[in-house]
Amino acid sequence: MDLLDAIRSRRTTNGPFEDRPLDPAHVQTILEMAACAPSHFNSQPWRFVVIQDQTTRMQLAEIAGESMQKLMAGGRFWQRYRKYFRFSKQEVDQRGDGILIDNMPAILKPFAKYIFTERGGELMAKFQVPKVLGKDARKLVAGSPLILGITLDKSEYKPDDLSGMYSLLSLGAVMQTIWLTATSLGIGMQFISTPMEVEGQWEKITKLLQIPDEHSLMVLYRLGYIPQAADRPTIDWTSSQRKRTAALAYANRWDQPFEPAAKPD
Ligand SMILES: Cc1cc2nc3c(=O)[nH]c(=O)nc-3n(C[C@H](O)[C@H](O)[C@H](O)COP(=O)(O)O)c2cc1C
């Protein structure tokens, strides 16, 4: 796949993957490309935990499912992230950012706009939304042939130090390298972040994966081959829209808009 095509077609895979293991040659390619990513002073502060063992994946699925259910039931998620949610295609097109929940059981649709209110939270609980989302998350993680953990060396990743910021930039570079490589191989990815949001859950994973004290587990992704067609999760979102470059870039100074070049015919 051409690099520009990989960049354009890379997406978060919210749904299930094909029910087959990843080709070991593909896993090796992903790791080799990851190693090519830039880092401050070529420090390569990251390490990769490649989880394919069935037992560990099921344990992670359990933690992910439980975290999702707790997070949704707690109500804090909706309050904290409200500003990223869009409620219509029109709003999405106008703003060019955020995420649109465009798939949900018909019974919930009339209440979509109210999920951020106290009453909305009660309704969600009534319709067992946290339970449904928890079950979906558990199933999605359990059905992922590979889970990838990335750690940062704590002697580099010091949140109060400039090297901490450099380490995060390096982490971003390695993540995108992995994601583009995966895309070019027909492999999808999704961030498993809910255990980060619920007290104690990330620590459970860190212990399960036996991450040493010198490293910090930064991210967990699930990977697998993208199926031709798949059922969407019960409650699902899209976020492929992007802002126009003219809305993102300035020419020389902040007060001058960047004029996009005319596209070649
Ligand atoms: C720092 C970061 C955190 C993210 N957290 C999550 C997450 O918790 N769950 C998820 O499904 N996607 C997560 N994403 C993916 C974004 O939602 C996604 O990249 C964005 O909506 C654009 O959609 P796309 O990846 O399909 O282009 C995260 C991405 C980044 C860079």
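Contact here means heavy atoms within 4.5 Å. The model is predicted: local features need pLDDT of at least 70, side-chain atom pairs count only at pLDDT 80 or more, and totals for chains, interfaces and linings use all residues. Residues are numbered from 1 along each chain as its sequence is written, and side-chain values use heavy atoms, without hydrogens or water.

**View 1. Ile150 and its surroundings.** Beyond its neighbours within four places in sequence, Ile150 is in contact with residues including Trp46, Phe48, Leu171, Val174, Ile178, Leu217 and Val219.

**View 2. The largest nonpolar core has 24 residues.** Such a core is a set of buried Ala, Val, Leu, Ile, Met, Phe, Trp, Tyr and Cys residues joined through side-chain atoms within 4.5 Å; buried means under 20% relative accessible area (1.4 Å probe, protein chains only). Ile150, Met189 and Leu223 have the most contacts inside this core. Two or more residues come from each of H2 (24-34), E4 (146-153), H8 (162-184), E5 (187-191) and E6 (215-225). Helices (H or I, at least four residues) and strands (E, at least two) are DSSP runs, numbered from the N terminus. H8 gives the most, with six residues.

**View 3. A second, separate core.** This one has 18 residues, among them Ile101, Leu108, Val129 and Ile235.

**View 4. Helix H8 and its ends.** The 23 residues of H8 should span 33 Å at 1.5 Å a residue, and the end C-alpha atoms are 33 Å apart, which agrees. The expected span is 1.5 Å times one less than the number of residues. Asp161 caps the N-terminal end: a side-chain oxygen lies 3.1 Å from the backbone nitrogen of Ser163. Gly186 follows H8, with a positive phi near 80 degrees.

Key. Buried < 20%, exposed > 50% of the residue type's maximum accessible area, 1.4 Å probe, protein only. Polar contact = N/O pair within 3.5 Å; in protein donor to acceptor, adjacent residues only side chain to side chain.
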